[in-house]
Amino acid sequence: MKQTLRHVHPLAWTIIIGTMFGRLVTSMSIPFLSIYLTKVLGASPTQTGLTIAVSSLAGVSISFYGGYISDIIGRKKVMLVSIFSWAAVFVGFALAGHLWVFLIVNTLNGLCRAVFEPTSRALLSDITPGEHKLLVFNLRYAAVNLGVVFGPIIGLQLGSAQSTFPFLIAAIVYIAYGLVLVLQFAVHGKNLPAPSTTQAPRLREALAVTGRDRVFLPILLGTIFCVLGYGHFGSTLAQYLVLNTHFANGGKAFSYMLSLNAITVLVVQYPVVRTFRNFPPVIPLILGNVCVSVSMILFGLAGGLPLLMFGVVLFTIGEVLLFTMMDMLIDRVAKPEWKGTYFGTIGFNGIGSIIAPIFGGLLLDQLGAERGLPLFIPLALSTALGLPFLLTAHRRLAVRERSFDIRHMESNKKVV
């Protein structure tokens with residue numbers, strides 16, 4: 001294991017460690033935004049849902065361009081511009097005092113995230129040998145959750161549900177992350193893959209490449225519904241706990257649930273990856289969708305903290321199944337010359353993140369927060385709509401890889 005870790009590129013370590021600290025500070029603030037808007041600014045669940053949703057809407061609108069542009073002009077320029085812009089956005093959050101300002105700043109937050117994240121993942125893929133990619137992608141995912149273990153608890157102590165001060169801390173950390181990237185690019189930038197020197201293809205052509213991919217397209221459609229279910233955790237569930245009078249301190253309970261979510265990821269991630277690494281790569285996504293769907297029902301049934309926490313554990317197992325293998329699956333499906341484009345295009349599954357807070361907010365306004373099961377059953381059923389698409393992707397990928405193996409064997413016979 002030590003020998004394997006030594007082969008991880010220094011820039012990859014920078015991204016992994018930077019991701020850990022980045023998620024630490026953002027999980028101190030962003031997850032509490034819906035509670036802050038509802039309790040401090042007095043926004044309705046629907047208004048809060050719309051304000052949360054614009055981040056994902058902006059992200060979906062630009063995520064394709066982030067990966068696409070990074071294929072053409074290079075990862076370095078895209079990452080540096082987006083990360084320093086992101087730091088400025090967190091300053092905007094800290095200074096915001098009106099709902100419309102939060103709407104604008106959260107839109108910019110989604111833009112920066114949607115450009116930086118797929119580009120950084122594409123860079124990890126570029127600089128990591130094939131035999132180490134699963135390790136590196138999972139180190140990044142572990143770093144995300146290591147940050148989220150402590151972030152919500154620190155955020156609770158800092159009063160993130162009543163104050164925007166923690167966003168200033170996030171801004172400082174992202175500036176530091178950006179400066180370290182500047183230094184690392186200066187040292188190791190010469191060894192990075194060069195931007196494409198061919199004529200930049202039209203965006204319509206790039207969309208057509210991914211759109212015609214008979215395996216990638218159902219993966220994208222299926223994961224929209226997976227992300228829809230996942231999105232309810234930080235939006236609908238947070239508001240439900242705060243607005244439901246049955247729960248004495250919903251904000252505190254939610255912060256503990258966030259930390260339990262991250263701890264569970266760290267505990268189950270390695271066994272899950274070890275168990276499923278030799279399975280067909282779409283199978284973990286199918287099982288993950290089922291787990292998230294069932295967890296929605298448990299949240300609706302919960303009358304106290306124990307069942308809520310059990311629901312979090314099941315939800316988290318589903319999350320791990322969905323997202324630990326996602327990057328490897330996209331890397332496996334993507335055409336090499338379009339890798340950044342594929343990583344960017346999968347960001348369109350963020351449509352689920354747009355729908356989740358709006359759908360959940362409307363249900364909360366119509367049904368109220370006192371009726372758990374009628375609220376969460378539609379959320380569970382809408383999540384499960386992803387299963388037919390994922391099953392289709394599984395069948396098509398199996399056919400594609402069998403066909404490739406046959407062609408490869410025939411080619412070897414001709415050489416012999």
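1. Cysteines. Cys112 counts as buried because its relative accessibility is 9%, and Cys226 is buried as well, at 2%. Here buried means under 20% relative accessible area, exposed over 50%, and partly exposed in between, with a 1.4 Å probe and protein chains only. The count of disulfides is zero, a disulfide being a pair of cysteine sulfur atoms within 2.5 Å.

2. Basis of the model. This is a predicted model, in which local features need pLDDT of at least 70 and side-chain atom pairs count only at pLDDT 80 or more, while totals for chains, interfaces and linings use all residues. Residues are numbered from 1 along each chain as its sequence is written, and side-chain values use heavy atoms, with hydrogens and water left out.

3. Confidence. The protein chain averages a pLDDT of 83, and 89% of the residues score at least 70; pLDDT is the predictor's confidence in each residue, from 0 to 100. Where pLDDT is low, predicted coordinates should not be read in detail.

4. Overall architecture. The protein chain contains 19 helices and zero strands. These elements are DSSP runs numbered from the N terminus: helices are H or I with at least four residues, strands E with at least two. Of the 416 residues, 55% are buried. Among contacts with a separation of 6 or more, 85% are between residues 24 or more positions apart, where contact means heavy atoms within 4.5 Å.

5. Nonpolar core. The largest nonpolar core has 103 residues, and Leu181, Phe233, Tyr240, Met257 and Phe299 have the most contacts inside it. Such a core is a set of buried Ala, Val, Leu, Ile, Met, Phe, Trp, Tyr and Cys residues joined through side-chain atoms within 4.5 Å. Leaving aside residues up to four places away in sequence, Met257 touches Phe233, Leu237, Leu241, Phe299, Leu308, Met309 and Val312.

6. Two further buried positions. Thr51 belongs to helix H4 (residues 45-73) and counts as buried because its relative accessibility is 2%. Residues up to four places away in sequence excluded, Thr51 touches Leu37, Leu99, Phe102, Leu103 and Asn106. His132 is found in the loop between helix H6 (99-127) and helix H7 (133-158), and is buried, with a relative accessible area of 12%. The C-alpha atoms of His132 and Val8 are separated by 7.8 Å, although the two are 124 residues apart along the chain.

7. Salt bridges. The count is four, a salt bridge being a side-chain nitrogen of Lys or Arg within 4 Å of a carboxyl oxygen of Asp or Glu. In one of them, Arg23 pairs with Glu117, the closest N and O atoms being 3.3 Å apart. Arg23 lies in helix H2 (residues 10-26) and Glu117 in helix H6, so this pair ties together parts that are 94 residues apart in sequence. Arg23 is partly exposed at 24% relative accessibility, whereas Glu117 is buried at 11%.

8. Arg400 and Asp213 meet through their side chains in a salt bridge of 2.6 Å, N to O. Arg400 lies in helix H19 (residues 387-415) and Asp213 in the loop between helix H9 (203-211) and helix H10 (216-234), so the pair ties together parts 187 residues apart in sequence. Salt bridges that share partners also join Arg23, Glu117 and Arg140 into one network.
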